[in-house]
Amino acid sequence: MKAALLRYRVMATVVGVLLVVLILIGVPLANFDGTSMWHVFPSTPAVWPEGSGAHQLGEAITTYLGIAHGWLYMIFLVTAFLLSRKARWSVPFTVVTLACGTIPLVSFWAERRATRQVRAQLAEVSTRSTGRDDTSTARDVPTAR
């Protein structure tokens, strides 16, 4: 389960960083040129004029990072689902973890939440198999005098 957790954490971090860059940098650079956005908003703020260096950078980010994020998100979904089966997560926990991968910054919270749960399960299994609590330290062991 440790290997599955590592794969999940790597994919969650990569997808989360790409999503933050895409949504918080690429989309504003590409779309805040004073034109309508996605035919939904009649006019966006005219911060970066169309054709400017910043606008072109935003277009490149949304085009290339958007595609990369889409493919990597599919891999993230598979790794998260495989981890959920190994860790025997409940369906609601699994769905929330998968859905949080689509929300910038919240994806990092979901990764920490999932990691915490899996590590607790691993510690519990370790404790049961060894018959002792792995949280003890050298100070807890009495010394002979």
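A cavity is defined here, on a 1 Å grid over the protein atoms alone, as a set of points where a 1.4 Å probe fits but cannot get out, with lining residues having an atom within 4 Å of a point. Grid points are joined across faces, edges and corners, and a volume is the space filled by probe spheres set on the points. The model is predicted, with local features requiring pLDDT of at least 70 and side-chain atom pairs counted only at pLDDT 80 or more, whereas totals for chains, interfaces and linings use all residues. Residues are numbered from 1 along each chain as its sequence is written, and side-chain values use heavy atoms, with hydrogens and water left out.

A search of the whole structure returned 1 cavity of 30 Å³ or more. The largest cavity holds about 50 Å³ of space. Its lining includes Tyr 8, Ala 12, Val 15, Gly 16 and Phe 76, together with Thr 97, Cys 100, Gly 101, Ser 107, Ala 110 and Glu 111. Two or more lining residues come from each of helix H1 (2–31), H3 and H4, helices being DSSP runs (H or I, at least four residues) numbered from the N terminus. H1 contributes the most, with 4 residues. By class, the lining of the largest cavity comprises 6 nonpolar, 4 polar and 1 charged residues; Ala, Val, Leu, Ile, Met, Phe, Trp, Tyr, Cys and Pro count as nonpolar, Asp, Glu, Lys and Arg as charged, and the others, Gly among them, as polar.

H1 and H4 pack at an angle of about 170°, with their axes 9 Å apart. H1 is therefore roughly antiparallel to H4, a term applied to angles over 145 degrees. Axes are lines fitted to C-alpha atoms, for helices over the stretch in contact, and angles run from 0 to 180 degrees between N-to-C directions.

Helix H3 (residues 91–100) packs on helix H4 (residues 106–130) at about 145°, with the axes 8 Å apart. Phe 93, Val 96, Thr 97 and Cys 100 in H3 meet H4 residues including Ser 107, Trp 109 and Ala 110. The contact of H3 with H4 has 7 nonpolar, 3 polar and 1 charged residues.

The axes of H1 and helix H2 (residues 53–87) come within 7 Å and cross at roughly 155°. H1 and H2 are therefore roughly antiparallel to each other. Their contact has 25 nonpolar, 7 polar and 3 charged residues.

Notes. Contact means heavy atoms within 4.5 Å. On a 1 Å grid over the protein atoms alone, a cavity is a set of points where a 1.4 Å probe fits but cannot get out, and a pocket is an open set with protein on both sides within 12 Å along at least five of seven lines; lining residues have an atom within 4 Å of a point. Angles under 35 degrees count as roughly parallel, over 145 as roughly antiparallel, 65 to 115 as roughly perpendicular and the rest as oblique.
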